[in-house]
Amino acid sequence: MNAQSQNTALFESTMLLPDPDAQERLSRLVGLDDQKTRLSKMLGTLINSAGLEAWASRYHPGSEAYVSGILKRPPLIVLCGDVGSGKTALAETIGDMVARQEDIEITLLPMSLSARGQGRVGEMTQLVSAAFEYAYQEASKLVGPSGRARGGVILLIDEADALAQSRESSQMHHEDKAGVNAFIRGIDRLSNGGLPIAVIMCTNRLSALDPAVKRRAAEILVFERPEAKQRHLVLSDSLTPFGLSASDIEILVNVTGSTKDRSHGFAFSDLTQRLIPSIILDAYPNSKVTASRAIQIATETMPTPPFQEKV
Ligand SMILES: Nc1ncnc2c1ncn2[C@@H]1O[C@H](COP(=O)(O)OP(=O)(O)O)[C@@H](O)[C@H]1O
Ligand SMILES: [Mg+2]
């Protein structure tokens, strides 16, 4: 297979960043400022080590040896937490912020294991190995003669739930263990390569995350359901233009939180992909959006149950 067709078989749609669409999608993710900052800094130092080195020699001359310790960490960041909490959306778009911040082009290679790794025995292992190999080759091409990277690569392993599962779990299928091993081998090879590349892994299962994967992660970012303040941001952003008042929004914020019948509130995706479209489409085509209908629809909509951790 040539590089191009291999690429199409492995990745959903490779993307070159910065890109205005990615920037727009990123800016619409609310309540994730802390995750955005930590993730973009971490990716920035992994992909463009020259930036951190320049900072060290400017502000803390003599600290270079210490800084190089930071740069030798495995280039792995894990995003984990409940469904519909913005992991995929953030992982797919944060590269835009990094590309602008570091002033380099970044290639995003997104791979979803749930979509691909379910066929023949051995397929997941093979897919993971091939994705790492491809990403390694791409990143190698970006190192200039001076050692300064001309660009960067983000390898996104999304929906890596099967991979995340601990090898210690006795029910784990042999094939899944081989998949975790392939992942760890891939990460270790990248850590030693000094290449402008970072790997983002997304999973719903924190407690099942393999200890060897956890240990390698430079950062584990946890995502949770939106709190009242965050639900407020999403709801008022989308529904104020339809004439809902601040007090209507406040009622919706309460209705979409936990109630006496359920301990969980709405996920971000429950708000953006289910509730808000239902409210708008309920009024379409012959009436206006009203607060009373919006509140009724919110009361009748059941939030997605939280992801059950299988330990
Ligand atoms: N923090 C957020 N702010 C606004 N919308 C969000 C947020 N998190 C998730 N969403 C919405 O939910 C959708 C699904 O999120 P996604 O990233 O696929 O969740 P996950 O990968 O964590 O299951 C997103 O496309 C977006 O519309
Ligand atoms: Mg996802």
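1. Across the interface of domain 1 and domain 2, three residue pairs are in polar contact, both residues at pLDDT 80 or more. A polar contact is a pair of N or O atoms within 3.5 Å; within protein, one must be able to donate a hydrogen and the other to accept it, and residues adjacent in sequence count only if both atoms are side-chain atoms. On the side of domain 1 that touches domain 2, two residues are nonpolar, three polar and none charged. Here Ala, Val, Leu, Ile, Met, Phe, Trp, Tyr, Cys and Pro are nonpolar, Asp, Glu, Lys and Arg charged, and the others, Gly among them, polar.

2. This is a predicted model: local features need pLDDT of at least 70, side-chain atom pairs count only at pLDDT 80 or more, and totals for chains, interfaces and linings use all residues. Residues are numbered from 1 along each chain as its sequence is written, chains are lettered from A and ligands numbered from 1 in the order in which they are written, and side-chain values use heavy atoms, without hydrogens and water.

3. Domain 1 spans 3–223 and domain 2 spans 228–300 (bounds from an automatic or database domain assignment). The two bury about 450 Å² between them, 66% of it on carbon and sulfur atoms. Buried area is the accessible area (1.4 Å probe) that two parts lose on being put together, summed over both. Val30, Gly31 and Gly84 supply 80% of what domain 1 buries against domain 2.

4. Ligand 1 is surrounded by 16 residues (a heavy atom within 4 Å). Val30 and Gly84 are among the closest. A backbone N or O atom of Gly84 lies 2.7 Å from a ligand 1 oxygen atom. For the side chain of Lys87, an N or O atom is 2.8 Å from an oxygen atom of ligand 1.
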